[in-house]
Amino acid sequence: MPDQLAVNIVMVEDDEGHARLIEKNIRRAGISNPIHHFTDGTTALDYLWNDPRGPAKNGPALVLLDLNLPDMSGIDILARIKGDAQLRRTPVVVLTTTDDKVEIQRCYDMGCNVYITKPVNYENFAEAIRQLGLFLSVIQVPDAEEAH
């Protein structure tokens with residue numbers, strides 16, 4: 001599937017341990033797509049819209065988004081992505097420790113595609129990410145829309 005490789009994975013995760021675990025288990029699932037890791041919302045947003053390799057300028061991406069970031073809420077990032085004509089079709093997978101029903105509903109209402117609660121236990125978390133990797137290997141990701 002050559003076009004599958006073109007999808008950039010944008011990971012917005014401030015916990016380095018979680019980020020390493022996510023990347024390792026995505027790789028274990030056989031996903032070789034480039035992973036661009038950001039530890040805060042500001043640099044992630046800059047990449048999404050302004051970087052020549054980012055999805056606004058360079059095509060399809062999938063965003064793995066933690067909600068608890070040091071500089072802003074992942075909810076704000078989700079709102080920006082889904083509110084933008086160019087990026088609104090970009091799939092967003094929320095990966096967070098929050099299992100609050102209201103928060104989950106809010107994310108889906110705002111357009112998140114998948115909501116995954118990070119298990120506290122390492123093995124369960126690793127297994128959840130392996131399953132996410134398998135999921136990533138089969139989903140189709142739309143190109144960013146052309147700006148009119």
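Visitor: At what angle do helix H2 and helix H4 pack, and how far apart are their axes?

Guide: Helix H2 (residues 41-50) and helix H4 (residues 74-82) pack at about 15 degrees, with axes 11 Å apart. Axes are lines fitted to C-alpha atoms, for helices over the stretch in contact, and angles run from 0 to 180 degrees between N-to-C directions. This is a predicted model, where local features need pLDDT of at least 70, side-chain atom pairs count only at pLDDT 80 or more, and totals for chains, interfaces and linings use all residues. Residues are numbered from 1 along each chain as its sequence is written, and side-chain values use heavy atoms, with hydrogens and water left out.

Visitor: Why is H2 called roughly parallel to H4?

Guide: Angles under 35 degrees count as roughly parallel, over 145 as roughly antiparallel, 65 to 115 as roughly perpendicular and the rest as oblique. The angle here is about 15 degrees, so H2 is roughly parallel to H4.

Visitor: Which residues make the contact of H2 with H4?

Guide: Gly41, Leu45, Leu48 and Trp49 of H2 meet Ile77, Arg80 and Ile81 of H4; contact means heavy atoms within 4.5 Å. By class, five are nonpolar, one is polar and one is charged. Ala, Val, Leu, Ile, Met, Phe, Trp, Tyr, Cys and Pro count as nonpolar, Asp, Glu, Lys and Arg as charged, and the others, Gly among them, as polar.

Visitor: Why are H1 and H6 called oblique to each other?

Guide: The axes of helix H1 (residues 16-28) and helix H6 (residues 122-138) come within 8 Å and cross at roughly 50 degrees. Under the cut-offs above, H1 and H6 are therefore oblique.

Visitor: What is the order of the strands in the open sheet?

Guide: Five strands line up as S2-S1-S3-S4-S5, with parallel pairing. Helices (H or I, at least four residues) and strands (E, at least two) are DSSP runs, numbered from the N terminus.

Visitor: What makes S2 and S5 edge strands?

Guide: Strand S2 (35-38) and strand S5 (114-117) each have a single partner strand, so one side of each is left without a neighbour in the sheet.

Visitor: How do you know that S1 and S3 pair?

Guide: Two strands pair if DSSP finds at least two bridges between them. Strand S1 (residues 8-12) and strand S3 (residues 61-65) have five bridges, in the parallel sense. Val12 stands opposite Leu65 in S3.

Visitor: Which strands does H4 lie across?

Guide: H4 lies across S1, S3 and strand S4 (92-96), running at about 160 degrees to S3.
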